[in-house]
Amino acid sequence: MPKTPSKRPVASRATTQRHRHDLAALRGSIPPLVTPFTNGEVDYDKYAELVSFQIEQGSHGILVNGTTAEPSTLNVEERNRLVTVAVVTAAGRVPVVAATGSQSLAESRMLTEHAVAAGADALLIVTPYYIRPPQRGLVAYYLELAAGHDVPWMIYHIPGRTAVSVTLDTLKACKDKSPTFVGIKHAVNDLGFASECLSELGADFKVFVGLEELSFPMMAVGACGLMNAVGNLQPGVLAQMCEAVFANDLATGRKLHDQLLEINKAVFYDTNPIPIKYMMMKLGLLAKNEHRLPMVPALPELAVKLDGVLERAGLSARPAATRRATPSSGDRRALIAAAARRRAAAR
C-alpha cells in the first residue's frame, strides 16, 4: 500500500511576494518559454526580457521550465531561479505556471516547494519519465507532491517523452483525493481523451493543449487554453485565437489556426526547441540559438527550410514591444534577493 502523503511545512501565501491570481485567470495562451543561454550559462536578464515581451504581446500567462525550456539540461538551482525571475518580472500582471516535475521525487519536491514559496500561481508536474511506473504509483507520486500547500496543480501528459500515459481513472483518483488538482496539459494527438476528461471530470476541469496542430480543434471541444512552443514566436496570434474561441467566434479561431498551420508544423521539423530557438534568433528575440548538450543548434539545411517558413508567415523582425515594464537587472537582483530572504524566514 502506498504511504499517505506527508505534510511538509511550505511557505504560506502570506510569505510570497504577491497575491496569487484567481483560478479563473488560468486559461488562454500560456507559452512555455525557452531558456536563453550565453556561453553555456543561463541568461537570466534575457529571460526577464522574454517574460515581459510575452506580456506586452498579449499572452495570458507564462509557463516556466516546460519542455521547450530544455529543463532536463538545467540543474535545480537554475530551474528555481528561472521561476523566481518570472514571478518577479511578471509582477502580478499575468499568472505564472511553474513546471516542477522531474524523474526524481526528491528533485520534484525541491522544485515544487521553491515554486510555491516564490509565488507561482499554479504548478505543472510531468509524469516521471524513463521509470514507467504503474498507475497507482503515479497517483501516490502526485499526491505526495500536492501535500503541504494549496497551490493549484496540473498533470503534464506527454507520453511521447515520458513513455507512460495517464489514464482517466488516474485523473479521477487525483481529483477525488486532492482538492487542488485542477487540470492537465494534454500533449497527445487524442481529441477523444480530452473530451472524456471534460465529460467525466466536469467542465471546470482545465485542459490545456500541448500539441500545436491541435490548438484550435481541442479548444473547440472545450480545452481552456494553450501551452504551445510556437507562442515564443507569435504570442499575439495565439492569444487572439483563444479570445476568439472564448467569444464563440469559431470562424475567426479557425482562420487564425489556418494562419499558424505551417509554423506550427515547423516547431517539429527537429526536436523541440531546436527550430524555435533558430527562428527566435532570426526574429531578433535571441542573440543566438544556443543549447546545452545533447541538444544542438539547427543544421544549415534546416535553417534554410525555417527561413522559408518565416518568410511565408510574414515574419522578418521582432514585433514591436515596449521595454518600459521590464525591471532593470539591478532591480531584478534586489527583488530576487528579497524573495530569497522571505523564503529563508518562512522556514
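**Pocket lining, fold and confidence of the predicted model**

The lining of the largest pocket comprises nine nonpolar, nine polar and four charged residues. The space within this pocket amounts to about 420 Å³. Its lining is formed by 22 residues, of which T67, P71, S72, Y129 and R161 lie closest to the pocket centre. Rolling a probe the size of a water molecule over the atoms shows where empty space is left.

The structure is a predicted model. Across the chain, the mean pLDDT is 89, and a value of 70 or more is reached by 85% of the residues. Two segments depart from this level of confidence. Over residues 1-18, pLDDT stays under 50, and the model has 41 contacts beyond four places in sequence for this segment. Residues 320-326 likewise stay under 50 in pLDDT, with 15 contacts beyond four places in sequence.

The secondary structure consists of 13 helices and ten strands. Of the contacts in the chain with a separation of 6 or more, 73% are between residues 24 or more positions apart. The chain has 347 residues, 58% of which are buried. Its accessible surface comes to about 14,500 Å², with carbon and sulfur atoms contributing 53%.

An α-helix has 3.6 residues a turn, so residues three or four places apart point the same way.

Key: Residues numbered from 1 in each chain as written. Predicted model: local features only at pLDDT ≥ 70, side-chain atom pairs only at ≥ 80, totals over all residues. Heavy atoms only, no water. pLDDT = per-residue confidence, 0-100. Contact = heavy atoms within 4.5 Å. 1 Å grid on protein atoms, 1.4 Å probe; cavity = no way out; pocket = protein on both sides within 12 Å on 5 of 7 lines; lining within 4 Å. Points joined across faces, edges and corners; volume = space filled by probe spheres on them. Nonpolar A, V, L, I, M, F, W, Y, C, P; charged D, E, K, R; others polar. Helix = DSSP H or I, 4+ residues; strand = E, 2+ residues; numbered from the N terminus. Buried < 20%, exposed > 50% of the residue type's maximum accessible area, 1.4 Å probe, protein only. Areas by Shrake-Rupley, 256 points an atom, 1.4 Å probe, with all protein chains shown as cover.
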